[in-house]
Amino acid sequence: MKFIVTKNYEEMSKAGADIIIEQIKSKSSSVLGLATGGTPVGMYKHLVEAYNKGLDFSKIVTFNLDEYVGLKPDNPQSYRYYMDKNLFNNVNINKDNIHIPSGISGNIDKECEEYDESISKMGGIDLQVLGIGRNGHIGFNEPGDTLKVKTHVAKLSQNTIKANSRFFNKIEDVPTSAVTMGLGSIMKSKKILLLASGSSKAQAIAKIAEPIIDLKVPASLLQLHPNVVVILDEGAASMLNLK
Ligand code: PGA
């Protein structure tokens, strides 16, 4: 796992975007795994800027990590809406190449199975972008006694509901479950880019730098992956003790 500490959110965003731009330049048909949340917004801005300067997204294929159960794609809190607003509507991606789990499917189990199958059919994910929860979750793979390998419906922890309530009018509006890629799809990605900003993430980041796999910190599993880059700002790195 390679840790890169940048000065602030803006530098973290730029460094993250540069890795994706490099990936797209080296393989124009790259399969990208994408994340939502507050952290990658700045990174997406840089990608849109790169598009405006000529970067081509026309052959790019994307798979998003997760979607809230019960939210329609046109709901401003849905991750589909977020992705359209922050990236997809602003670059020349082919809409047929976009994959985001549906939170309103009539048969969610089948949909989860098909999601994993379509990732495999595309040859797997070349570069997976991740944020990290304050509790160490990745996607909505929450701390627990076990971790799921495949795409599944996850119950959100109270900690996550509280953290995500900042995007909703009131905490009761936060969906209590989500469709999320499992640890298998994430770990099978050829390269992983994890971004974290702010001191609220410092403890989780410190934990993933310890050589211990702790199921109470799902992101600690990333230590078993051969190609992970973690880009932090000073706040997120503030408890990091790199030997
Ligand atoms: P955030 O979420 O970027 O909004 O902090 C990250 C996450 O919960 O994975």
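Tyr 68, Tyr 79, Phe 140 and Phe 168 make up one aromatic cluster. The model is predicted: local features need pLDDT of at least 70, side-chain atom pairs count only at pLDDT 80 or more, and totals for chains, interfaces and linings use all residues. Residues are numbered from 1 along each chain as its sequence is written, and side-chain values use heavy atoms, with hydrogens and water left out.

Seven strands form an open sheet, ordered 1-10-9-6-2-3-5, with parallel pairing. Strands here are DSSP runs of E, at least two residues; helices are runs of H or I, at least four; both are numbered from the N terminus. Two strands pair if DSSP finds at least two bridges between them. Strand 1 (2–5) and strand 5 (98–99) are the edges, each pairing on one side only. Strand 2 (residues 31–34) runs parallel to strand 6 (residues 127–130), joined by two bridges. Gly 33 has Gln 128 of strand 6 as its bridge partner.

Now the rings. The whole structure holds seven aromatic pairs. Rings of Phe, Tyr and Trp (its six-membered ring) pair if their centres lie within 6.5 Å; planes under 30 degrees apart are stacked, over 60 edge-to-face, the rest tilted. Phe 63 and Tyr 115 have ring centres 5.7 Å apart and planes at 80 degrees, so this pair is edge-to-face. Phe 63 sits in strand 3 (residues 61–64) and Tyr 115 in helix 4 (residues 108–121), so the pair ties together parts 52 residues apart in sequence. Phe 63 is buried, at 0% relative accessible area. Buried means under 20%, exposed over 50%, partly exposed in between (1.4 Å probe, protein chains only).
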